[in-house]
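Here is a friendly tour of one protein chain, written for someone who likes to check the geometry along the way. Have the viewer open and follow the headings in order.

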Amino acid sequence: MADTAYLDWPFFEPHHRELARALEAWAREHVPQAHGHDVDAACRVLVRSLGQGGWLRHAVAGTAHGGAGEAIDTRAICLIRETLARHSGLADFAFAMQGLGSGAISLGGSPEQRAAWLPRVARGEAIAAFALSEPEAGSDVAAMACAARQEGGDYVLDGEKTWISNGGIADFYVVFARTGEAPAARGISAFIVEAGTPGFEIAERIDVIAPHPLARLRFTGCRVPSAHRIGPAGEGFKLAMRTLDVFRTSVAAAALGFARRALDEALQRATTRRLFGQHLADFQLTQAKLAQMAATVDSAALLTYRAAWQRDQGRSVTREAAMAKMCATEGAQSVIDAAVQIFGGLGVVSEMPVERLYREIRALRIYEGATEVQQLIIARELLKDVKERGQP
């Protein structure tokens, strides 16, 4: 188990500390280290288990709809993701996607939409998906081509989405499509599309290095009721960005969980592996590597929980969340790589913990805003500050 002394940091309140410790105890009993070859089935089991354990309540907003609070507690979801990631990348994924997939409904859904979906998400009875990216519109969301035209009391969707997590197993998808109220990002709306809706199909399942349910979606004359539009027409881009704003810091927390596990594994290996008559940890080169790993982990933790705390105070975290995600994901990659090196040949054996972590971390440097995008955001915010207050 990772060192939890950081829970005493002033970023946290007593209920956060209780949450983290209770989840750690639960995860040791209920979260398997490996998930086998049927990833879809494993993900469904994890969603149900997380729902039954009460943890998915933290992924949705509104106590009337099964949420743990009226608003999503950023520090809570970060602590949950960090803890789950230390145990299983797929468990972290299952939790995160319930929140991200239903986030637009939590933030902008009508009372009827919230009542219909959020309690089921919180109980682990309905699997959610967030469908924003397209083949030619990933980081550049304004280039979206998937369109929805209004016909009577319905909208008709045509187009594709890709890299959609939970694609193929989700019960509903929050789909963003161009409705044309204004150019670029200002003419996008969000819709709830249920699995099995005529005109909606899973065009392709996508296999990646750290397996989880992922797919390309196709919409061909897919008709959904106007009542399934989330929020006002043309406001979908803002809703997507608000949703990502809630969960972006938690990506840093997941990376932090992976890094903590890698450091734990490296410490255990270094202090038990004998080499040339002494332990691997006795070599100064190993000590230097462990020191750098520990400093990287703590740096990422400070940035992550600063951003989470700041958001829970109702303050803007555009720059802080970008810094957290960039540093935590890039840092975790270096920590995990160092752990693999300390393990030597065992580090690249399939399904060894550090080998799984090596595959798990890579995608986090890309999704929900690649590192390069975070760099642009940080620089933009810095330059905006200079412009507003004059020359430094």
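This is a predicted model: local features need pLDDT of at least 70, side-chain atom pairs count only at pLDDT 80 or more; totals for chains, interfaces and linings use all residues.

## Starting at helix α1

Which residues of α1 are buried? They are His16, Arg17, Leu19, Ala20, Leu23, Glu24, Trp26 and Ala27. An α-helix has 3.6 residues a turn, so residues three or four places apart point the same way.

## The chain as a whole

Stepping back, the chain contains 10 helices and 10 strands. Its radius of gyration is 21 Å, close to the 21 Å that the globule rule gives for 392 residues, so the chain is as compact as a globular protein of that length. Along the principal axes, the C-alpha atoms fill a box of roughly 80 × 55 × 40 Å.

Of the 392 residues, 54% are buried. The chain exposes about 16800 Å², and carbon and sulfur atoms supply 54% of that area. If you are interested in contact order, take the contacts between residues at least 6 apart in sequence: 72% of them join residues at least 24 apart.

In soluble globular proteins, nonpolar side chains tend to be buried together. Here the largest nonpolar core has 73 residues, and the members that touch the most others are Leu157, Phe172, Phe176, Val193 and Phe219. Helix α4 (residues 89-108) gives the largest share of this core, nine residues. A second, separate core has 46 residues, among them Ala262, Ala266, Val297 and Ile336.

Beyond its neighbours within four places in sequence, Leu157 is in contact with Ala147, Ala148, Val175, Val193, Phe219, Thr220, Gly221, Cys222 and Val224. Phe219 sits in strand β7 (residues 214-225) and is buried, with a relative accessible area of 2%. With its neighbours within four places again left aside, Phe219 has contacts that include Cys146, Leu157, Asp158, Lys161, Val175 and Val193. Phe200 is also one of these contacts; it lies 19 residues from Phe219 along the chain, with 4.7 Å between the two C-alpha atoms.

## Cysteines without partners

How many disulfides does a search of the whole structure find? The answer is zero. A disulfide is a covalent bond between the sulfur atoms of two cysteines. For Cys43, the closest cysteine sulfur is in Cys78, 20 Å away, which is too far for a bond. Cys222 is in no disulfide either, and the nearest cysteine sulfur, that of Cys146, is 9.0 Å away; the cut-off for a pair is 2.5 Å.

Both residues are hidden from solvent by the accessibility criterion: Cys43 is buried at 0% relative accessible area, and Cys222 is buried at 0% as well.

Just after α7, Gly314 takes a positive phi of about 85°.

Positive phi values also turn up in residues other than glycine. Glu351 has a phi near 75°; this residue lies in the loop between α8 (318-343) and α9 (353-364) and counts as partly exposed because its relative accessibility is 40%. Glu368, with a phi near 55°, is placed in the loop between α9 and α10. Is Glu368 buried or exposed? Glu368 is buried, with a relative accessible area of 15%, which is under the 20% cut-off.

## Ending in helix α10

The last stop is Lys384, found in helix α10 (residues 371-389). At 39% relative accessibility, Lys384 counts as partly exposed. Lys384 and Ser133 are 251 residues apart along the chain, and their C-alpha atoms are separated by 28 Å.

Technical notes. Residues are numbered from 1 along each chain as its sequence is written. Side-chain values use heavy atoms; hydrogens and water are left out. Helices (H or I, at least four residues) and strands (E, at least two) are DSSP runs, numbered from the N terminus. Buried means under 20% relative accessible area, exposed over 50%, partly exposed in between (1.4 Å probe, protein chains only). The radius of gyration is taken over C-alpha atoms; the globule rule is 2.2 Å times the number of residues to the power 0.38. Contact means heavy atoms within 4.5 Å. Accessible areas come from the Shrake-Rupley method with a 1.4 Å probe; for residues, only the protein chains shown count as cover. A nonpolar core is a set of buried Ala, Val, Leu, Ile, Met, Phe, Trp, Tyr and Cys residues joined through side-chain atoms within 4.5 Å.
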